[in-house]
Amino acid sequence: MSIEALTAGFGLGGSLIVAIGAQNAFVLRQGLRRQHPLPIAFLCFAIDAVLILAGSLGLGSLVQEIPLLLMAVRWAGAVFLFAYAGLALKRALHPSALAAEGQGEASLKSALLTVLAVSLLNPHVYLDTVVLLGSLAGRYGWDERRWFILGAMAASFLWFHGLALGARWLAPLFAKPITWRLLDGLIAAVMATLGLSLALGAL
C-alpha cells in the first residue's frame, strides 16, 4: 500500500470536486429538497469513478491529441449550462416555482437523467477527472497508481454523499422562499459563468 499515492489522489481529487459546479449545485438543491439525495450522490460518484479510471488508464492523453473533439464537447456543454442557468433564473424570479417539500417532486428517473446531463455534458468534468487527474496518475507506476485512483475515488464518494446528506441540516434555513430564490440565483450565475467560460474556450 502506498500512503503517499493514496493521500495525493485523495487530496487532488477532493480539491477538484469541492469547487462549485453543475454537479454540486444540483446535488445540493436535491439534498435540500430531500428528493432522491442518495441515488443522485451515488450516480455522481459512479460517473467520477469511471472517468477517473479511464483517465488514469490513458484516455486523458488521447483526448488531448484530438482538439476537435474537445471543442465539440465544450460547445455542447456551454449550450446545456446556459439552458440550465435559464431554468434556475426562472425559479428564482417566480415564487410559484419554489414548491414546498413534497410538492412538484421530480421522479427518480428524471433526477438521474439530469445528473447524467449536468455531468456528461460539462467538459469541466472531463478536464478535471480524465485529463488532469489522468496525467497526474501517469506519474506513478501501476502499483502506486491504483492507490492514487482509489484515493481520488474515495474523495468523490465522501464529498457527494456528504453534500447530499449534510444538506438536510440546512433545511430550516431554506424553509423561507427568499433563501431558495438566493440559491437558485446563485446557481443561475454559476451555470451562466461556466457556460460563458466554455464558449470562450471553444473559440
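The model is predicted, so local features need pLDDT of at least 70 and side-chain atom pairs count only at pLDDT 80 or more, while totals for chains, interfaces and linings use all residues. Residues are numbered from 1 along each chain as its sequence is written, and side-chain values use heavy atoms, with hydrogens and water left out.

**Arg-91**

- Arg-91 counts as buried because its relative accessibility is 17%, where buried means under 20% relative accessible area, exposed means over 50%, and partly exposed lies in between (1.4 Å probe, protein chains only).
- The C-alpha atoms of Arg-91 and Arg-181 are separated by 7.2 Å, although the two residues are 90 apart along the chain.

**The overall picture**

- The protein has eight helices and zero strands, and from the N terminus on its elements read α-α-α-α-α-α-α-α.
- The protein has 203 residues, and 44% of them count as buried.
- Its accessible surface comes to about 10,200 Å², with 73% of that belonging to carbon and sulfur atoms; accessible areas come from the Shrake-Rupley method with a 1.4 Å probe, and for residues only the protein chains shown count as cover.
- Among contacts with a separation of 6 or more, 90% come from residues 24 or more positions apart, a contact being heavy atoms within 4.5 Å.

**Aromatic rings**

- A search of the whole structure finds two aromatic pairs; rings of Phe, Tyr and Trp (its six-membered ring) pair if their centres lie within 6.5 Å, with planes under 30 degrees apart counted as stacked, over 60 as edge-to-face and the rest as tilted.
- One of them joins Phe-45 and Phe-157 edge-to-face, at 5.2 Å centre to centre and 85° between the planes.
- That pair links distant parts of the chain, with Phe-45 in helix α3 and Phe-157 in helix α7 (residues 142–166), 112 residues apart.
- Phe-45 is buried, as its relative accessible area is 15%, whereas Phe-157 is partly exposed at 35%.
- Ring pairs also bring Phe-42 in, so that Phe-42, Phe-45 and Phe-157 are linked into a cluster.

**A nonpolar surface patch**

- Phe-42 belongs to helix α3 (residues 37–64) and is partly exposed, with a relative accessible area of 46%.
- Together with Phe-10, Phe-157 and Leu-158, Phe-42 forms a nonpolar patch on the surface with about 390 Å² of accessible area.
- Patches are made of residues with over 30% relative accessible area and no salt bridge, joining like charges within 9 Å and nonpolar side chains (Val, Leu, Ile, Met, Phe, Trp, Tyr) within 5 Å; a salt bridge is a side-chain nitrogen of Lys or Arg within 4 Å of a carboxyl oxygen of Asp or Glu.

**Asp-48**

- Asp-48 is found in helix α3 and counts as buried because its relative accessibility is 3%.
- Beyond its neighbours within four places in sequence, Asp-48 is in contact with Ile-17, Gln-23, Val-125, Thr-129, Ser-156 and Phe-160.

- Helix α5 (residues 108–120) has 13 residues and reaches 18 Å from first C-alpha to last, close to the expected 18 Å; the expected span is 1.5 Å times one less than the number of residues.
- Buried residues in α5 include Ala-111, Val-115 and Val-118.
- Helix α6 (residues 123–137) has 15 residues and reaches 19 Å, close to the 21 Å expected.
- Val-125 and Thr-129 are among the buried residues of α6.

Note on methods
Helices (H or I, at least four residues) and strands (E, at least two) are DSSP runs, numbered from the N terminus.
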